[in-house]
Amino acid sequence: MSEPTPGVSQQPGPSGHVPESPPLERWRLTFPFHWDADELVSRRELLYFTVYASVTMFSTTFLLAILGALRKAEAGPVVAIARMSEIPEGGAHYFDYPGPEDQAVLLHLPGGRFVAYSLRCTHLSCAVYFQPDRQSLICPCHHGVFEPETGDPIAGPPRRRLEQIALRQEGDVLYAVAISP
Ligand code: FES
């Protein structure tokens with residue numbers, strides 16, 4: 001025997017007695033939508049949401065990638081670092097750049113070239129230091145190692161090179177003039 005449909009008036013029986021409709025369940029009163037329509041609206045809304053979310057995420061990622069690629073060296077303050085003649089070949093000189101909280105290092109590479117890097121590790125921002133006997137830049141937090149010639153990561157979890165500090169030479173003095181990723 002089929003159940004009476006809620007909300008549909010019942011026909012009188014042979015005795016003229018109209019059977020009473022069962023009371024609507026509480027959840028049907030709270031959500032008075034037809035099952036089929038409810039399902040269609042939900043699926044459509046979910047589809048719209050998924051498409052909008054995907055387009056938004058794709059656009060944001062694309063924009064960030066373009067901005068990252070276009071990012072050039074940020075001109076910073078011009079800061080005198082050290083006299084070149086005071087740093088022996090294979091040696092290092094620590095300084096702060098571009099701000100007083102930003103540790104950096106100037107390296108006198110074997111062969112005579114000078115390079116400078118930020119000492120903030122590109123993994124999780126621990127402080128990197130120069131180890132002269134290994135001629136490597138070491139991050140003690142997770143054993144990250146960077147190559148002193150280029151600042152590129154060569155071991156451990158870091159995937160990006162150290163930030164490079166642009167140098168300018170005036171006589172015997174080296175100045176830091178900009179920092180770039
Ligand atoms: S923070 Fe430098 S290796 Fe993890």
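Biologist: Which residue stands opposite Val173 in E10?
Modeller: Glu170 stands opposite Val173 in E10, where strands are DSSP runs (E, at least two residues) numbered from the N terminus. This is a predicted model, in which local features need pLDDT of at least 70 and side-chain atom pairs count only at pLDDT 80 or more, while totals for chains, interfaces and linings use all residues. Residues are numbered from 1 along each chain as its sequence is written.

Biologist: And how many bridges join E9 to E10?
Modeller: Strand E9 (residues 164-170) and strand E10 (residues 173-180) run antiparallel and are joined by 7 bridges, and two strands pair if DSSP finds at least two bridges between them. They form a hairpin with 2 residues between them, and Gly171 in the turn has a positive phi of about 65°.

Biologist: Switching to the open sheet, what order do its strands have?
Modeller: The order of its 4 strands is E5-E6-E7-E8, with antiparallel pairing.

Biologist: Which strands stand at the edges?
Modeller: Strand E5 (129-131) and strand E8 (153-155) do, and each has a single partner strand, so one side of each is left without a neighbour in the sheet.

Biologist: What joins E6 to E7?
Modeller: Strand E6 (residues 136-139) is joined to strand E7 (residues 144-146) by 3 bridges, and the two run antiparallel; Cys139 stands opposite Gly144 in E7.

Biologist: Now Ile165, what does that touch?
Modeller: Leaving out residues up to four places away in sequence, Ile165 touches Tyr97, Ala104, Ala116, Tyr117, Ser118, Ala176 and Ile179, a contact being two C-beta atoms, placed from the backbone, within 7 Å.
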